[in-house]
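Hi there,

Here is the structure I promised to pass on. My notes on its pockets follow below.

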Amino acid sequence: MANSASAANFGGRTSVRVVVVGDRGTGKSSLIVTVAAESFPDNVPPVLPPTRLPSDFYPDRVPVTIIDTSSSPDDRPKLAAECRLADAVVLTYACDQPATLDRLSSYWLPELRRLEVKVPVIVVGCKLDLRENHEDERTLEQVMSPIMQQFREIETCIECSALKQIQVPEVFYYAQKAVLHPTAPLFDQETQTLKPRCVKALKRIFILCDNDRDGALSDAELNDFQVRCFNAPLQPSEIVGVKKVVQEKLPDGVNERGLTLTGFLFLHALFIEKGRLETTWTVLRKFGYDNDIKLRDDLIPAIFKRAPDQSVELTSEALDFLRGTFDMFDVDRDGFLRPAELEDLFSTAPESPWSDIPYRDAAEKSALGGLSLDGFLSEWALMTLLDPASSLANLIYIGYAGDPASAFHITKRRRFDRKRQQSPRNVFQCYVLGPKSAGKSTLLNSFIGRPFLDRYAATSHERFAVNVVEQLGGAKKTLIMREVTENEVQKLLANKESLAACDIAVFVYDSSDESSWKKAKELLLTVAAHGENTGYEVPCLIVPAKDDMEPSSQAVQDSTRVSQDMGVEAPIPVSMKLGDSNNVFRRIVNAAQHPHMSIPETEAGRNRKQYQRLVSRSLMFVSVGAAVAIVGFAAYRVYATRKNVSG
């Protein structure tokens with residue numbers, strides 16, 4: 001239990017590995033022996049074996065393993081290997097040998113970069129007791145400042161003397177601290193400001209602690225925060241002192257209600273500047289953050305175990321929370337979340353989850369780039385379908401405080417829906433397939449309210465479009481349309497379970513082009529056969545696009561015949577150029593809601609079913625015949641018995 005608590009307290013770390021490097025004769029081995037034995041050694045071997053400082057050596061109670069290295073050219077491969085395994089590097093020079101100081105920037109620090117060693121570096125000036133014999137009277141800050149400006153990986157610098165027992169334990173304490181309480185995720189040394197992700201995490205913590213939601217931490221709220229994070233209350237005089245420090249440097253950091261968010265952030269920047277990173281890290285870890293300033297994996301429960309043909313949806317409880325959140329951040333009350341309002345909504349998450357593909361252009365937006373409530377909920381539905389763990393994490397980031405299990409619903413398996421001849425799902429995924437230039441992208445664009453474009457632009461990446469579809473009677477369902485390019489089909493179907501996540505497939509072709517229909521028909525037959533062979537059959541619809549152009553009579557006749565032969569709904573012609581969608585999106589949802597209908601049947605599949613029926617019938621006759629034989633035998637035995645008795 002202690003180890004697991006320690007791991008949670010320090011971003012999963014239960015030990016720290018420190019590698020000591022530097023020129024020969026700079027005091028590496030003496031430094032290590034002295035910290036372990038607490039006395040200066042008489043004789044030191046050239047390279048020491050790994051040395052372990054026990055967990056109770058430093059206050060954080062995490063053991064430190066120290067690795068000594070040789071600077072001999074013959075041992076460079078081993079040194080490189082050790083550096084790559086390091087959590088931190090202690091780089092030594094000798095205070096009485098200026099040449100070893102010059103070697104830091106001329107050789108050692110560039111070499112660590114060349115080896116791609118991306119861990120904190122602690123620069124240590126050894127043999128401090130011998131420096132007084134030299135004329136260099138510059139302070140450590142004067143000596144190291146130019147080097148630290150050039151090499152930002154240097155966490156701190158310290159001088160020590162193993163012989164005189166000066167600041168020896170501090171060397172490895174700083175190395176341990178640099179690993180357990182790293183600067184890089186929190187603070188930008190270049191700009192001397194908190195990093196954006198750190199600001200977002202602290203803002204979320206501030207909001208969680210601002211119980212009365214008045215935009216400031218009162219004395220009582222500050223005290224609760226202190227107890228939660230540090231298990232100790234603040235005295236009234238201490239609270240006054242904290243607010244006074246903030247107000248002197250930052251007048252708007254405190255108001256009549258208490259410490260503002262600006263003041264809260266300023267305090268943490270101050271802690272970090274003064275080297276008290278453990279204070280900020282303690283706060284972050286108490287609220288569940290790891291070293292990447294994201295919620296720890298163990299705080300995102302594994303509640304999403306499901307079969308391939310099951311999906312994850314948000315519950316009404318989660319949707320109510322999201323509606324309330326939408327209203328809260330729709331500051332101008334125009335019914336849309338403008339980009340700035342959406343950015344504010346996600347300002348307590350590590351980053352906006354919808355800034356990249358596939359979410360970036362998936363939902364309908366206003367002319368000013370705003371999301372309506374339906375668009376907002378549609379984006380959440382898409383994220384929940386594709387990445388439910390990310391959806392849960394972001395719900396928590398923006399303030400969802402309920403039981404995670406109450407926010408999500410695992411749907412029934414699709415085969416059960418087919419038996420019931422009705423799907424109760426609220427979110428349907430539709431695969432949109434077809435040859436190049438058939439009109440797939442235009443169909444998706446129309447679905448999310450984008451204007452028709454005459455010029456053709458091939459889709460180069462996986463693309464989704466999601467929106468709410470109102471059915472007859474007023475019921476609303478969310479439809480997620482996934483465009484599958486012609487080149488992706490083979491790769492998609494290479495996976496046996498590729499159709500398991502699909503509620504319905506739509507095959508689009510250019511109604512004016514017979515060859516376009518032939519390719520669409522091939523895709524339809526391929527998908528239908530794959531469904532029959534894997535047991536993941538899906539309803540299919542045929543959509544002749546570009547109905548405003550001169551239709552190919554052969555394509556129209558053949559597509560109608562194929563739909564009849566395969567047992568799917570008649571083709572649904574559309575013209576997005578003329579704005580004539582022919583209720584295609586409502587019809588897609590309707591077909592998905594009745595998953596026993598419009599399932600295409602290939603000739604091979606039909607023959608297989610006919611054969612299975614014949615076999616079943618034969619087995620039935622065999623069973624009946626066997627039953628008759630058994631009855632006959634039983635009757636014979638009764639007859640024989642009676643005959644013997646009468647005789």
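A word on terms first: helices (H or I, at least four residues) and strands (E, at least two) are DSSP runs, numbered from the N terminus. This is a predicted model, in which local features need pLDDT of at least 70 and side-chain atom pairs count only at pLDDT 80 or more, while totals for chains, interfaces and linings use all residues. Residues are numbered from 1 along each chain as its sequence is written, and side-chain values use heavy atoms, with hydrogens and water left out.

A pocket here is an open set of points on a 1 Å grid over the protein atoms alone, where a 1.4 Å probe fits, with protein on both sides within 12 Å along at least five of seven lines; lining residues have an atom within 4 Å of a point. Points are joined across faces, edges and corners, and a volume is the space filled by probe spheres set on them.

The largest pocket holds about 940 Å³. Its lining has 43 residues, with S441, T442, N445, Y456 and A457 nearest the centre. α17 (440–447), β17 (463–470) and β20 (540–545) each supply at least two lining residues, and α17 gives the most, five. By class, this lining has 19 nonpolar, ten polar and 14 charged residues (Ala, Val, Leu, Ile, Met, Phe, Trp, Tyr, Cys and Pro are nonpolar; Asp, Glu, Lys and Arg charged; the others, Gly among them, polar).

The second largest pocket has a volume of about 690 Å³. Of its 24 lining residues, M148, E155, T156, Q189 and E273 lie nearest the centre. α5 contributes the largest share of that lining, six residues.

Best wishes
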